[in-house]
Amino acid sequence: MKALNKYLLVISVLLLGLGACTDDFEDINTNPQAFNFIDPGVQMTKIQLDLSGNREELWRYDLGICSPMMQYFAGSWWCQHGGQYRIVEKNHWFTLWEEMYPRDIKNIVDVIHRTEGEEYYQNTRAAARILKVYMFSILTDLYGDVPYFDAGKGFTDKVFQPRYDKQEDIYADFFNELDEAVNDLDASKEGVRGDIMYGGSVEKWKRFGNSLRMRLGFRLQKVNPSEAEKQVRAAIEGGVMQSNDDLCKVVHLDFDFVDGENRGNGRSQVFHASDDSEGYRLTNTFVDHLKATNDPRLFVYGGTYLGVVSGKYGQDITEYLQMGITHGAMWWNEWSDYGDLIDDEGNYIAWVSQGHKHMMPSKYVADFTAPFFHMTYAEVELLLAEAALLDWGATGAAEHYEKAVRASMEHCAMYPGAPVIASDVVDAYLEANPLPSASPDNLKAIHNQMWVNLYMNGVEAYSSFRRSGYPELVPFESVEWYSSGTGGVIPRRFFYPDFEAINNPESYQEAIDRMGGTNDWLTRVWWDVE
C-alpha cells in the first residue's frame, strides 16, 4: 500500500507540473535556433546543386548504368550494370527515384506553392516551374509512368500515396507548364533568387525554357508527330539558346579531402575514387569513333595516365597512346602487360602495364571544379538542324550542324585546364565531316554529334538514343565468363523501386498493369516507339 501511495504521489506531482508548464508551453518548446521562414532562393540553390548529382547517386544511375549503356565507359566493376545489362545490385536502378522525390521534388513543389501570388518572387516561381519540368522529364523518361500531379504534396495536401500518372498526360502538362512559365518571366521584376545556373538572368531562363520545350517536343516525334511539330515550332518561335553564353550549367567548388565534405563535381569524385587500375575507362566504341573522325574532343574527353593514386592522376602519356577498352568489359578482362612505351624516335617513355593502356576520363573533365552541363547550346543547334530537315520551323540544316560542332568544341574549354580547340582545327574537322545531304545519313550524322556532345551526361544520351536510334551501338553479348543479362538487348527503361510495392501498392500495381503486368526493363516508355 505504501508503494502504491508513493506512485500516486509521483503522478500527482507530475500532473501539477504539467499544468504549471502550460502557461509558457509555446516559449519553452520553441527552438530559438529554428527557421520559421526559408527564402525560396536558398531552396533553389540547393535544388540546382543536387541536380548536378552527388557522388553516391551518380556512381549508380549515370556512371553505373546510363553512361556504360551508351558505351562511353567500361572497366569499372560498377559498369556491368549498364554495360552488360545485368542486375548485380538492383537498388542501383532505384537510386534516382529514392533521392529525387523526397529531396528535389519536395523542395521544388514547396517553392512553387509558397511563391504563388508573390510578385517579388514571380521570376523565381517561373524558373522553378521550368526546373520542375526538367526534373520530372528525367524521371519519367527513365521510368515511364510516375507520380507527377500529386507528387511532393505530402505536406501541403496530405497526399502520401500519389497515383502514377500516364507519361502521355505528364508530357501534355510539361508543355503547358513551360508555355506559362516562360510567359510569366518578366525582366522588369526581381531576378531569379538563388540561381547558380544563370545568375538570376530572366532572359537566359526564357531561352532555357524554350530549348527544353524543343528537346521534349522531339521526344514525341514517333508517337505523336503532329504534336511534336507543334511544340518544336512553338519553342523556336519563342526563342531558344543563341550562344554558349546561354548553355545551362552548374560550376562546382573544389573538393576538400581534409574535412571530407561532399563538395566538388560528383562525377569527378567517382573518377578519383579508385586507386590504380580499377577505375573507369573510355570504351573502344567511343574512342574509335573519335579517332576515325579525327575529332579533337578526344583529347579533352579522355587521357591515358599511369594510374590514379590518392586522388591524383599519374604520368600523362596520352600523346603516345589512345586506346579504348572493349565495351562491357571489366578492367581485369584486359589486364595484360603492354610493355615499354617508345616514341617515334625510339625514346623510352614509360612501362605501361596493369590496364593503364586504356584512356580514362581526362584530368580536365575529372577536375573537381569541372562544370556539369544540363543542356548545351550545341544540343540546341543539333535539334535545330533536325528541325530544318523536317521543315519544323527552322531552315539551313547544314548551317545549324556546323554551329553545333563549333559550339561543342568551344565549350570544351570550360573544363578547367582544358586546351582550347583552335578554329582552324574545327574548320578542318567540318571539312572532313560535313552534314550529308541525303537521308538517313544526315540524321545519323546529327545524332552521332549529339552522342559525342552529350559525353558526361549519360542520362540524356540514353533518352536521345531511344528517341532517334543513334548512334548505332553494337549491344553487349558476352566477354570471357560474363554474359548479357538480356540476351544482348539494350534495356529500354529503369525498374520501379521494389519498396513502392509496399509504400504505394495500389498506384504501383496500376502502373505495372499498364505495362503488361511486370516491372520489365525491356518495356518501352510511351514515346519510345520502334
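Biologist: Is the crossing in which α10 passes α11 left-handed or right-handed?
Modeller: This is a predicted model, in which local features need pLDDT of at least 70 and side-chain atom pairs count only at pLDDT 80 or more, while totals for chains, interfaces and linings use all residues. Residues are numbered from 1 along each chain as its sequence is written, and side-chain values use heavy atoms, leaving out hydrogens and water. A crossing is left-handed if the near helix is turned anticlockwise from the far one by less than a right angle, and right-handed if clockwise. By that rule, the crossing of α10 with α11 is left-handed.

Biologist: How do helix α10 and helix α11 run relative to each other, roughly parallel or roughly antiparallel?
Modeller: The axes of α10 (residues 202–219) and α11 (residues 225–238) come within 8 Å and cross at roughly 165°, where axes are lines fitted to C-alpha atoms over the stretch in contact and angles run from 0 to 180 degrees between N-to-C directions. Angles over 145 degrees count as roughly antiparallel and those under 35 as roughly parallel. Therefore α10 and α11 are roughly antiparallel.

Biologist: Which residues of α10 make the contact with α11?
Modeller: Contact means heavy atoms within 4.5 Å, and on the α11 side the residues include Val232, Ala235 and Ile236. On the α10 side, the residues are Asn210, Arg213, Met214, Gly217 and Phe218.

Biologist: What relative accessible area does Gln71 have?
Modeller: Gln71 sits in the loop between α4 (55–69) and β1 (73–74), helices being DSSP runs (H or I) of at least four residues and strands (E) of at least two, numbered from the N terminus. Most residues other than glycine have a negative phi, whereas Gln71, although not a glycine, has a positive phi of about 60°. Gln71 counts as buried (under 20% relative accessible area, with over 50% exposed and partly exposed in between, using a 1.4 Å probe and protein chains only), because its relative accessible area is 1%.

Biologist: Where does Met456 lie?
Modeller: Met456 is a residue other than glycine with a positive phi near 85°. It counts as buried, at 8% relative accessibility. Its place is in the loop between α18 and α19.

Biologist: What is omega for the cis peptide bond from Ser439 to Pro440?
Modeller: Most peptide bonds are trans. Pro440 lies in the loop between α17 (423–432) and α18 (441–453). The peptide bond joining Ser439 to Pro440 is cis, with omega near 5°.

Methods
Angles under 35 degrees count as roughly parallel, over 145 as roughly antiparallel, 65 to 115 as roughly perpendicular and the rest as oblique.
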